[in-house]
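Student: Could we go through this structure together? I would like to begin with the strands and then turn to the helices and side chains.

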Amino acid sequence: MIAHGLPIYVALERVDMRLGIERLGAVVREKMRAELRSRALFVFVGKSGHSMKVLTWDGTGTIVVHKKLDAGRFELPRPTSPGEQHLLISDAIFEAIHKGVAITPRDVRRRVH
């Protein structure tokens with residue numbers, strides 16, 4: 001259902017998943033400086049990290065895809081510069097985020113007995 005080849009913008013700040021199309025559309029306009037009706041995907045992750053909403057426009061209306069992980073968390077990429085509020089990401093990075101795969105290596109903790 002999610003088209004490939006479109007620009008993908010991910011919000012780096014977590015959002016309240018109770019927000020609907022209108023409020024998330026306002027975030028797209030105000031913080032991402034983009035138009036919801038452009039041919040792009042706009043990705044938002046909830047404050048707990050367990051939920052994700054993706055907004056896109058299909059030419060006739062706005063589509064919202066809402067995914068909630070059974071286990072794990074959606075991991076957001078890190079900003080590339082201070083104060084950055086969103087990133088343009090590749091299809092591959094989006095697929096990893098959407099599947100709940102860690103995109104940055106985690107520090108391995110050694111068990112101390």
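This is a predicted model: local features need pLDDT of at least 70, side-chain atom pairs count only at pLDDT 80 or more; totals for chains, interfaces and linings use all residues.

Student: Changing topic: which residues of H2 are buried?

Tutor: Helix H2 covers residues 91–99, and its buried residues are Phe-94, Ala-96, Ile-97 and His-98.

Student: What do those buried residues pack against?

Tutor: The buried residues of H2 pack against strands S1 (8–11), S2 (41–45), S3 (51–57), S4 (62–68) and S5 (86–89).

Student: What follows H2?

Tutor: Gly-100 follows H2, and its phi is positive, near 80°.

Student: Which residue has a positive phi although it is not a glycine?

Tutor: That is Arg-33, with a phi of about 55°. Arg-33 sits in the loop between helix H1 (21–30) and S2.

Student: Is Arg-33 buried or exposed?

Tutor: Arg-33 counts as exposed, because its relative accessibility is 70% and the cut-off for exposed is over 50%.

Student: On to electrostatics, then. How many salt bridges does the structure hold?

Tutor: There are 2 salt bridges in the structure. One is formed by Glu-13 and Lys-31, whose closest N and O atoms are 3.5 Å apart. This pair links distant parts of the chain, 18 residues apart: Glu-13 lies in the loop between S1 and H1, and Lys-31 in the loop between H1 and S2.

Student: Why do Glu-13 and Lys-31 count as partly exposed?

Tutor: Glu-13 counts as partly exposed because its relative accessibility is 41%. Lys-31 is placed in that class because its value is 40%. The class lies between under 20% for buried and over 50% for exposed.

Student: With which residue does Arg-18 form a salt bridge?

Tutor: Arg-18 forms a salt bridge with Asp-16, and the closest N and O atoms are 2.7 Å apart.

Student: How accessible are Arg-18 and Asp-16?

Tutor: Arg-18 has 74% relative accessibility and therefore counts as exposed, whereas Asp-16, at 23%, counts as partly exposed.

Note on methods
Residues are numbered from 1 along each chain as its sequence is written. Side-chain values use heavy atoms; hydrogens and water are left out. Buried means under 20% relative accessible area, exposed over 50%, partly exposed in between (1.4 Å probe, protein chains only). Helices (H or I, at least four residues) and strands (E, at least two) are DSSP runs, numbered from the N terminus. Contact means heavy atoms within 4.5 Å. A salt bridge is a side-chain nitrogen of Lys or Arg within 4 Å of a carboxyl oxygen of Asp or Glu.
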